[in-house]
Amino acid sequence: MGRISILGELEQMVLLAVLRLDDAYPVSVRNEIAARTGVELSRGTIYVTLHRLEQRGLVASELGDPTPERGGKAKRCFAVTAEGRQQLRASRAALRKLSAGLERTIGG
Amino acid sequence: MRWLERLVLQWLTRVAPDDWSDTVVGDLREDLAAGGQTSRVRMLVALSGIGMRFSLESISASARALRGARRQRRHMDSRTDLRQAAKGLARTPGFTFVAVLTLALAIGANTAIYSALSSLILNPLPFKDSSRFVLLWRHNPEIGGLMVTPAFEVAERWRNAPEIFDAVEIYWNDDRIMSGLGEPESIRLTMLTSPLLDTLGVTPAIGRGFVDEDFAPSAEPVVLISHGLWQSRFGGEASVLGARLTLNESLYTIVGVMPARFTMPLSEDTVWGAARRGVDKPTYSVVALARLKAAVSLEEAQSVFGAMPAAEENEAEGWKGRLMPVSDLTAQGMKTAISVLSGAVGLLLLIACVNVANLMLTRHGTREREIALRHALGASRVRLMRFLVIESALVAMLGGVAGLAVAKGAIAAIAAMRPRRLDALDRLTLDPQALVFAAAVSIVAALLFGVVPALARSRARLHDLLKSGGRTATAHGYGVRRILTVAQVALALILLVGAGLLVRSYGRLMAVDLGFEPAGVLAVWPSLNEVRYPTKEPAARRAFFEQALASIATVPGVRSVAVGLSIPLEPAISFGTIEVEGRPEARRAGIFVGGNVTDDYFSALSIKVIEGRTFTANDHGSDVVVLGRSYARASWPDGSPIGRKLRIDEGPWLSVIGVVDDLKYMSIASSQAEPQIYRPLAPDHINGGTFIIKTDVDPRALIPSVKAAIWRVDKDMPFGEIVTAEQVVSRAAGQARFNLLLLSAFAVCGLALAVVGVYGVTSLYVGQRQREVGIRMALGASRGSVAALVFRQTTLMITAALAAGALGAWWLSRYLESLIFNTATTDTLTYAIAVVSIALATVVATLVPVRRATSVDPAVVLRAD
């Protein structure tokens, strides 16, 4: 996808959470978002969003080691790709440009 | 519950991406355990939720994919259709050429005529809201409805009518000699009395307009110059601002340049000056230009203005105010012509639409089987429709582009051959609205007739068509096409009759006895400037004319030279009250023509003497007069006018010494002769006038030596105009020629299109009957009888068309009545010629397909089954 599109808010949240975590997999991503923002996303939403991001090449995943508490099931670990970082930057820049000078109007 | 769990897991495996389901289960286990919720029910609910999200996701993803794919396919279809349509048109260059040409002619001619219409009627002058400007005249119904421009004092009084006018502007013209910039030139200076240009909404191209201070009595004299003068005398350079202009040997400072082609109404001016109050005064009358208030209609304004005093000092009652919209000035006498021309061009558009429809029907007719076949093979109706629309639109687009080119050419032609009175056509530009309208009409016709019938038939007759082997494929369109062709030929006949009437009328106009012989006559208007040749002390003027007459007479090739007030058809009119001795009832007030002329005037113009004699040197200064024939007869119906007396404006009684032939003074077509009254003029008493020079050679060849002869008398003398009398006559016929040329052009186009139509419909008929013709010929029918079969069909059609067309022409030609001269609108010869031309043209159009039909080899046709 040559063209830069603005990422959705959900996508940005998930990407940022993946970036923050050393060990990013659906459970930790969901917990991270909930801990930092107080927003409780449904599990399904996390999966679907991660899946979309992966299809668009913004995150990559690999299977991690199975652990006993997971009933011997492997874990899918995510990392943000270079493309993902680039899109994230573009989207945040767009929002920043739009909100520049509006600090007093919208607060913050 | 186990089975339920297994089922949900299976479902999840299906809807989740590749091998995600395992990790999802692992995640859930970990997550739920961490939260202390290990119940199977919680697990199941969570799994189902995730599965639901995945399946929703996959549904919307496939919907997105489907939408994308469909859009792409449709796009590709359109491009394929476009390519195919273009290829198809290229394969049938004949059809494409004729269709595009037809559209181009119709669109081009209509655009040009309606552009002319809008520039003449809707926007005749380069002013803002020019339709709200009116000229204020003095009008006297008692003197033949004479309309004259007012004196300054009268116009000043008219300024007090704020209830109908926003503004009344007064200006006047002066001819001045411009010197100091190469060859001296006579130019027309308009003196404005207010910063009028603001009212008109005109801003100078460069520099400034006038401001109030420019009109102060002590102001420095300033002028604006025309764009043309700026280009020709100042090289179009900005340094013109602040430069000095010498007019009649006084200096004026140039403060601005007006936009190209700007002139004031009734003026034909090139320099505009600010009249300083109390200093610059008009010599004669002034022009009063008013802008109507927005809420006031012309009729309301007319009734108020008509009641205002319009008499000048010492003048009898009877003078009234009269308004004239400025648009009347440019379109005067042209309104009928314009509506006839736009009607005619509308007919042309109609013929063209019929032609395009016909062509489209033929095209789809011959392809009906192809269309039906495509339909049968699964092409949807929408797809077929799209293909046909694309094809028609492609033709229409090509026609539109070519039409634009035709319109541009036609507009240039119209502007070039515009008659003198229609100078507004000089500003003629293409009116985009007209183009859009003409293009839209033709394109709708193309689509309507091109697409709809083809589709309707493709459905209804699919079965028959496929079964019949295409033989009857076109039979259905034939009836419609015959009707269309009849309409087309009828319309063409109407145009042809109209053009024919104008041709006859023009021929008669040119054959009119003008009363004088224009061949070998040159007319020269010298421009005497007021400084060197003051009107009040005429000695210098008289000396100039006397010497110039003598000087011109010595030019080799000059037979005789005279001076008259003017030359016929470029009349200078006089105005006064004429009384006839002993017949008080013959008193009349109004205009008369003729004026003071030198002795050779009658011989120079070869004017026939009816009775008595013309002037000789003995008559100079005596009270004698020569009259035109009609006026002499009207004044003394009972006997010879020689020796009788009349007087003008209570002057001395003048005795009639001769009667000459009536001249066409005001216009070639005028039937009523104004009183023609000539007075003798001694060569040493000429205060002004026109040199009339009779030559033995081509008068144009003498122009340089005549100029040189005058310059020998005054080396700085500029010329108002130098023309041959033949040019004057040609100018006077300009309007009639203009109408004639345009209508003839339309008629020729109409005829050509009708011929194409007849050719098309006959070819179609022949094509359909090919098999029948083959059988007939195989059975021994002669070529002649086959040709007769085809001709019978055509003859029927053409006869119907000619009858309808003649009827239409008879009905419509009454609108031509005021445009034609000495010709009845029912002129039999014209109708006969038009009918025969159409009949001949259509026979020729039939011949080609007939030849094709009769040269058919029966064996080939029969084998085709």
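**Close-up views of a predicted two-chain model**

**View 1. Around B:A490.** Leaving aside residues up to four places away in sequence, B:A490 touches B:A801, B:A804, B:G805 and B:G808 (two residues are in contact if their C-beta atoms, placed from the backbone, lie within 7 Å). This is a predicted model, in which local features need pLDDT of at least 70, side-chain atom pairs count only at pLDDT 80 or more, and totals for chains, interfaces and linings use all residues. Residues are numbered from 1 along each chain as its sequence is written, while chains are lettered from A and ligands numbered from 1 in the order in which they are written. B:A490 sits in helix 15 (residues 475-510) of chain B; helices (H or I, at least four residues) and strands (E, at least two) are DSSP runs, numbered from the N terminus. B:A490 counts as buried because it has 24 C-beta neighbours inside 10 Å (buried means 20 or more other C-beta atoms within 10 Å of a residue's own, exposed 12 or fewer, and partly exposed in between, with C-beta atoms placed from the backbone). From C-alpha to C-alpha, B:A490 and B:I838 are 9.5 Å apart in space, yet 348 residues apart in sequence.

View 2. Helix 23 (residues 783-812) has 30 residues and reaches 42 Å from its first C-alpha to its last, close to the 44 Å expected at 1.5 Å a residue (the expected span is 1.5 Å times one less than the number of residues). Its buried residues include B:V786, B:V790, B:T794 and B:M797. Helix 23 and helix 24 (residues 828-854) of chain B pack at an angle of about 150°, with their axes 10 Å apart; axes are lines fitted to C-alpha atoms, for helices over the stretch in contact, and angles run from 0 to 180 degrees between N-to-C directions. The two helices are therefore roughly antiparallel to each other (under 35 degrees is roughly parallel, over 145 roughly antiparallel, 65 to 115 roughly perpendicular and the rest oblique). The residues of this contact divide into 13 nonpolar, four polar and one charged; Ala, Val, Leu, Ile, Met, Phe, Trp, Tyr, Cys and Pro count as nonpolar, Asp, Glu, Lys and Arg as charged, and the others, Gly among them, as polar.

**View 3. Helices 2 and 3 of chain A.** The axes of helix 2 and helix 3 of chain A come within 10 Å and cross at roughly 115°, which means that the two are roughly perpendicular. Here A:P26, A:V29 and A:R30 in helix 2 meet A:R43, A:I46, A:Y47 and A:L50 in helix 3. This contact has five nonpolar, no polar and two charged residues.

**View 4. Where chain A meets chain B.** The contact takes 17 residues from chain A and 19 residues from chain B. Helix 2 (26-37) and helix 3 (43-55) of chain A each supply at least two residues of the side of chain A that touches chain B, and the largest share of that side, six residues, comes from helix 3. The residues on this side of chain A divide into six nonpolar, five polar and six charged.

**View 5. A loop of chain B.** B:D649 lies in the loop between strand 18 (645-648) and strand 19 (654-660) of chain B, and B:E650 is in the loop between these strands too. Neither is a glycine, yet phi of B:D649 is near 45° and phi of B:E650 is about 60°. B:D649 is exposed, with 11 other C-beta atoms within 10 Å, and B:E650 is exposed with 8 C-beta neighbours inside 10 Å.
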